[in-house]
Amino acid sequence: MSWSHPDLSLQELMKLVKGFVDILILLSGYQSSGRLAHWDSQNIKKAFQWGLFFENFLGSFSSSDDYVDSVMELDGAISEMTSASSFPKGLAHMSSVTLATARRFVLEHLIHSLPLRDAHFRALLTATVEMDLEELSGSESDFLNVYLKKLKLQDTPIQEGIETAIKFGDCGGDGLTKYAVQEILKRWSMVSLMETVETGLDVVSQSVRNSSWSEFDDNLFKEQLKCENIPVTVDWLVGCLTWNRWKSDSLSYFLDKRTVQLVSGASLVFSTPKIQWVQIFQQLNFNDLAGGSYDGLCETIELMLLGCIASRWTSVIEHLMSVSYDSRTILDKYHEVCNLLQGKSTTLISKQEAISQETYILEYLSGMLDGHVHLLWKICPALGAVAIPFWTPLFSLYLSEIEIQVRGDLSTMRCCDCAHNRKEHTDCELAQRIWYLYIFHVYGSRPVAHS
C-alpha cells in the first residue's frame, strides 16, 4: 500500500486536515483560550471554501481506481490522528467519507453547535447564499434566476421539510442553501421538542412541589394528634409526613430544570477521556476560596456528582418514587448504613469492574475536596448520598462527620441542636441526611447507589 497523488504528499494533506479540524473546533463557538469565537459571513465563507477543497480533492480520488490504496492510507492516517486521547471526541468519526462532504460537515457545526443569535444567523445565511451564487456564476450566465428557481422547487410544507431534513442530503448539485434550510428546520424541530419536554417537566416538578409537606406545620399537627392520646398513631403519621416531605424535596431537586440542564452538561463533559475533562477543571479559577466564597467550587462539585449518576438518572427517579415509609428510627437506619462499611470487604466490587469514568470523577473530586470536605454539606443531601458509593474514602469521610454529630461532639458543621437539647434526631437536617444514605444504599433489594 502506498500514497499516490501528483500534487500533494500524504504528510502535506494531513497538515491541511489538522488545520480543518482546528476550524471545526472554532465552529463549536469557542477559541482555545475559552473565549467566544465570532463568525462573520466572510470567515464562514472561508470555512466553506476549506470544505470545498476537500470535496474536490477527494472527488478526484473517486474518479479513478488507481487511488483506492491512497484512500485507504489516508483513512489510516486520519484514524491514527482521531485515536489520540487529546483529539476532540465530537470529531472522532472523521474519515475520507466525511471529508468528501466537508461543506456539509461545516454547515452542521455552524447550525447545531452555536447559539443561532440574530448576527450569527444572518452571517450564516449570507455566506450560504453567496457561496451558491458564486458557484452558479461560473457555469450559468443568468445565475440569479437559476438560483431563485431552485429555491422555488424546494418550497415544501414545514412538516415535510422537517422529515426531509432528517435524512442527509448532498451539498453539491442543489447547493448549500437547500441543505442549510433542511438543517435549520431540523434544529427548529429539535428545539420545539425540547421546549415541549421542558414544559412537561415543569408541570411534573410543580406538582411535586405542590404536594410537598414542606410548608406543613408539623408542630401544630403533633399537638392536635397528642390530644387524641394515641402516641403510636402520632409517631407513625408524623414519621410518614416527614418521609414524604424529604422525598418531595429530593424529587423537586432532581426534576428541577436547572438540575436537568446540569445533568445534560455533565454527561457531555464526562463522555470525553479523563485527560480532557481534567484540563477543563484545572483551568477553572477558584480564587474565591481565599475570600470565603465557595460558590464556584460548590457548582463544580455538584456538576461532578451529577456526572456520577447521569447514566442512572432514570433509576434514581424511579427509586425515589418507590420509597415507602419505614417505621424504624433514624438511629436504627444510621447503624445499618454504618454496617455497610464494616462489611464492605465482602460486597466490594472488584477492581476490574470498578474502574469506570465514575471512579475517575470520584478520585479527582476527592483530591479537590482535600481539606474542604465540609463543602459536601453545601450540596443537595440527596445528590451526595446517591452519587458517592459506600466503598469510597469520600463516603467514609462524609459518614465520619455524621457520626461526630450523632454523638453530639463539637463540629464546625453542626446542622442541628438535637444533641445539645438532648432530643432524638427525627426531622432535623442530620436525620434527613441519614435518611437519604439509608434509602439509596440500604433500602430495597437492590439499592440504586450500587447499580
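F281 is buried, at 5% relative accessibility. Buried here means under 20% relative accessible area, exposed over 50%, and partly exposed in between (1.4 Å probe, protein chains only). The model is predicted: local features need pLDDT of at least 70, side-chain atom pairs count only at pLDDT 80 or more, and totals for chains, interfaces and linings use all residues. Residues are numbered from 1 along each chain as its sequence is written, and side-chain values use heavy atoms, with hydrogens and water left out.

The structure holds 16 aromatic pairs. Rings of Phe, Tyr and Trp (its six-membered ring) pair if their centres lie within 6.5 Å; planes under 30 degrees apart count as stacked, over 60 as edge-to-face and the rest as tilted. F53 and F54 form an edge-to-face pair, because their ring centres are 5.1 Å apart and their planes stand at 70 degrees. F53 is partly exposed, at 32% relative accessibility. F54 is buried, with a relative accessible area of 0%. F281 pairs with Y364 in a tilted arrangement, 6.3 Å centre to centre and 35 degrees between the planes. F281 belongs to helix α13 (residues 274-282) and Y364 to helix α19 (residues 357-368), so this pair ties together parts that are 83 residues apart in sequence. Helices (H or I, at least four residues) are DSSP runs, numbered from the N terminus. One aromatic cluster is formed by F20, W50, F53, F54 and F57.

A charge also meets a ring. The charged end of K333 sits over the ring of Y438, 5.6 Å from its centre. The criterion is NZ of Lys or CZ of Arg within 6 Å of the ring centre and within 35 degrees of the ring normal.

Helix α15 (residues 313-322) has W313, V316, I317, H319 and L320 buried. These buried residues line one face of the helix, because they fall within an arc of 160 degrees seen down the axis of α15. The arc is that of the directions from the helix axis to the C-beta atoms. On the other side of α15, T314, E318 and M321 are exposed.

The whole structure contains 10 salt bridges. Each is a side-chain nitrogen of Lys or Arg within 4 Å of a carboxyl oxygen of Asp or Glu. E130 and K45 meet in one of them (3.2 Å, N to O). E130 lies in helix α6 (residues 118-137) and K45 in helix α2 (residues 41-62), so the pair ties together parts 85 residues apart in sequence. E130 is partly exposed, with a relative accessible area of 29%. K45 is buried, at 8%.

E302 forms a salt bridge with R258, with the closest N and O atoms 2.7 Å apart. Helix α14 (residues 295-309) holds E302 and helix α12 (residues 257-269) holds R258, so parts 44 residues apart in sequence are tied together. E302 is buried, at 8% relative accessibility. R258 is partly exposed, at 38%.

The closest N and O atoms of E358 and R312 are 3.6 Å apart in a further salt bridge. This pair links distant parts of the chain, with E358 in helix α19 and R312 in the loop between α14 and α15, 46 residues apart. E358 is partly exposed, at 22% relative accessibility. R312 is buried, at 6%. Salt bridges that share partners join K45, E130 and E134 into one network.

Definitions and conventions
Helices (H or I, at least four residues) and strands (E, at least two) are DSSP runs, numbered from the N terminus.
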